[in-house]
Each structure stands twice: as C-alpha cells, then as structure tokens.
Amino acid sequence: MRYVVVCDVLGEGGRFNNNLRREVYEKLGVKSSSLPAHFTIKAPFEHEGSIEDLEKVLEVFCHKEHAAPFRLKGYDHFDDKVVYMHVDMSDEGQAMHSRLIDAISEVPYLIFDKKDGKDKIFHVTVSSKKVAPIYNKLWDYVHQYPCDFECMFDNISLYRWDGYKWRLHKRFELR
C-alpha cells in the first residue's frame, strides 16, 4: 500500500489553492496532485501490512503539540517543473516540524531524504504535471491572483493511494 503524510491546508488559503489548481487545469491543462491543498511532511512511501505504529506516533505527537501559524505568501517554482505557493513557516511551526520528523523517523519503514526531511522547502503546489511546455504562461497566469493567507499547521493527515486516487486514511488534530 502507498501512503503520504501531509498537513492539509484548511480555511481560506486551502480553498484558494484548491480553486486555483482546478482553474489552472481547466484553462491551461496542467495538473497537480489529487490531494487537497497541503504541504508534504513525508513523501509517498510503500508499506505492506499494518501502519498502526505510525498512527500511534502521530496520535501521541498531536496530543502533546500545539498548532502553529504559517503564511502562504506569493509564488515560487522548482525550475520549470513545479509552480507553488510559498509557505513562510513560523519559528514555532518549524520547530514543531523538526520534532515531528524526529518522532516519525523512529518508524522503521519511513526513510527521509532532502525533499521531506527537516530542511525541506515548505510549499503548497499549484501545478506539477507537464508544466515545462507552458511554464511561462502558467507563471504569468497565477500572478494575476494575489497570494497572502494566514494559515495554521493544525493537523497531520495520513492518506493512502486507493483506486487511482489519494483517500484520507486518518487525520490527527494538533492541540
């Protein structure tokens, strides 16, 4: 089974991202993930069997930790392949994320790399599929919409790949 661990971006910023991704697909034909608005905590991983140990770690972590603010502020990109909304993570959110990576690193089947470890670039993707051929058009298109939203790192959501789509397996709420 394939899983991914994210923080779902809820509220106005999440709605904006979901609508923008849908609009970009309809007008420009470039896609993004089937996940709702989010930033990734642990990139997709494969594991056969129970994930109760991961669920327990996330449950205990969320019971101890408090939600932390972040801001979606402007756009950025990874080369001409991904366009995203920049996440300006608060110091509290950054510290909590580091503690979270330490906690879930204890789960033996989770292996972290530069993209999803402590030193990652926090971002909320707008488009990441077949972007290069229309990168400039996409870049100009998203900039017609101001991007500045106060958000909260208030959940850790575990999704599983099922039937060619990501489906919420379990959401853990931070205090």
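Visitor: What is the volume of the largest pocket, and what makes a set of points a pocket?

Guide: The largest pocket has a volume of about 740 Å³, the space filled by probe spheres set on grid points joined across faces, edges and corners. A pocket is an open set on a 1 Å grid over the protein atoms alone, with protein on both sides within 12 Å along at least five of seven lines; a cavity is a set where a 1.4 Å probe fits but cannot get out, and lining residues have an atom within 4 Å of a point. This is a predicted model, in which local features need pLDDT of at least 70 and side-chain atom pairs pLDDT 80 or more, while totals for chains, interfaces and linings use all residues. Residues are numbered from 1 along each chain as its sequence is written, and side-chain values use heavy atoms, without hydrogens and water.

Visitor: Which residues are closest to the centre of the largest pocket, and which strand gives the most to its lining?

Guide: The lining has 26 residues, and Thr40, Ala43, Pro44, His123 and Thr125 are the closest to the centre. S2 gives the most, with 5 residues; strand S1 (2-8), strand S2 (38-46) and S5 each supply at least two. These elements are DSSP runs numbered from the N terminus (helices H or I, at least four residues; strands E, at least two).

Visitor: How many cavities of 30 Å³ or more does the search find, and which residues line the largest cavity?

Guide: The search of the whole structure finds 1 cavity of 30 Å³ or more, and the largest cavity has a volume of about 30 Å³. Its lining consists of Asn17, Arg21, Ser32, Ser33, Pro36, Ala37, His38, Val124 and Thr125. Helix H1 (11-28) and strand S5 (123-127) are the elements that give two or more residues to this lining. As for the second largest pocket, its volume is about 300 Å³, and its lining includes Asn18, Arg21, Tyr25, Ser32 and Lys129.

Visitor: Why is Leu20 called buried?

Guide: Buried means under 20% relative accessible area (exposed is over 50%, partly exposed in between; 1.4 Å probe, protein chains only). Leu20 has a relative accessible area of 3%, and is therefore buried. This residue lies in helix H1. Leu20 touches Tyr75, Val126, Val142 and Tyr145, leaving aside residues up to four places away in sequence; contact means heavy atoms within 4.5 Å.

Visitor: How many bridges join strand S3 to S6, and in which sense do they run?

Guide: Strand S3 (residues 68-78) and S6 run antiparallel and are joined by 6 bridges. Two strands pair if DSSP finds at least two bridges between them, a condition that S3 and S6 meet with their 6.

Visitor: Why do S2 and strand S8 count as edges of their sheet?

Guide: The open sheet has 4 strands in the order S2-S1-S7-S8, with antiparallel pairing. S2 and S8 (166-173) each have a single partner strand, so one side of each is left without a neighbour in the sheet. S1 and S2 pair in the antiparallel sense over 6 bridges, with Val5 opposite Lys42 in S2. Helix H2 (residues 52-64) packs on the sheet, touching S1, S2, strand S7 (155-161) and S8.

Methods
Axes fitted to C-alpha atoms, helices over the stretch in contact; angles between N-to-C directions.
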